[in-house]
Amino acid sequence: MTNLYSTFSWITNKCIPLVREITFQNGEEMTEVGIPLLILFYHPDHPEVKELFKGRVTDELRDHRGSITAVTADGILFAHPLHHLGKSKNDLPLVAIDSFRHMYVFPNFEDIKVPGKMKTFVDDLHSGKLHREFHHGPDTPGTPEQQQQQRDSRSAHDGSPPESTFRKLRPDGSRYSLLRDEL
């Protein structure tokens, strides 16, 4: 109890679940801190995938608690973000990261069962690899000149990652906030 950081960490671990359900009612609270969201979009007829996701997050991402917020989202309720990803309810379940700049889709939902895959996905976000590979294609071996030639040979405008839709849930900058205005 003499170390504020340790006490805060203990309270956070005991009071705030590692994986939470995001709704329109609590979305502002979850996005206010600006930490990227790791989102499981699930179909409400198949809630069992939430337990699989929670288990993988617990096993692989517990140490990432301060750098990513893991949430589950009803894919029917949050159809708009799915649409921005080029997905629909027929593509559920799926996992994505919303960095509040872009959204990145985890390539194959079944791969969350493979130990280390989700951790690698999150690590790739933090290292900038997801952003870099989306704009410049997969990282390839070879000399910098060979890599540049490969990038140049791709079409100039392959598109960009879908823009974040969850950032719209963030608080308005003109709104008073204890987190921003008092601390």
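**Helix packing and nonpolar cores**

Reader: At what angle do helix 3 and helix 5 pack?
Author: Helices are DSSP runs of H or I with at least four residues, and strands are runs of E with at least two, numbered from the N terminus. The axes of helix 3 and helix 5, lines fitted to C-alpha atoms over the stretch in contact, lie 9 Å apart. The model is predicted, with local features requiring pLDDT of at least 70 and side-chain atom pairs pLDDT 80 or more, whereas totals for chains, interfaces and linings use all residues. Between N-to-C directions, on a scale from 0 to 180 degrees, the packing angle is about 70 degrees.

Reader: How are these helices oriented to each other?
Author: An angle of 65 to 115 degrees counts as roughly perpendicular. Helix 3 and helix 5 are therefore roughly perpendicular.

Reader: Which residues of helix 5 meet helix 3?
Author: Residues are numbered from 1 along each chain, and side-chain values use heavy atoms, without hydrogens or water. Contact denotes heavy atoms within 4.5 Å. From helix 3 come F53, R56, V57 and E60, and from helix 5 K117, M118 and K119.

Reader: Which element supplies the largest share of the largest nonpolar core?
Author: This core has 22 residues; such a core joins buried (under 20% relative accessible area, 1.4 Å probe, protein chains only) Ala, Val, Leu, Ile, Met, Phe, Trp, Tyr and Cys through side-chain atoms within 4.5 Å. Strand 2 (37–42), helix 3 (48–60), strand 4 (94–98) and helix 5 (117–127) each supply at least two residues. The largest share, 4 residues, comes from helix 5.

Terms used: Buried means under 20% relative accessible area, exposed over 50%, partly exposed in between (1.4 Å probe, protein chains only). Angles under 35 degrees count as roughly parallel, over 145 as roughly antiparallel, 65 to 115 as roughly perpendicular and the rest as oblique.
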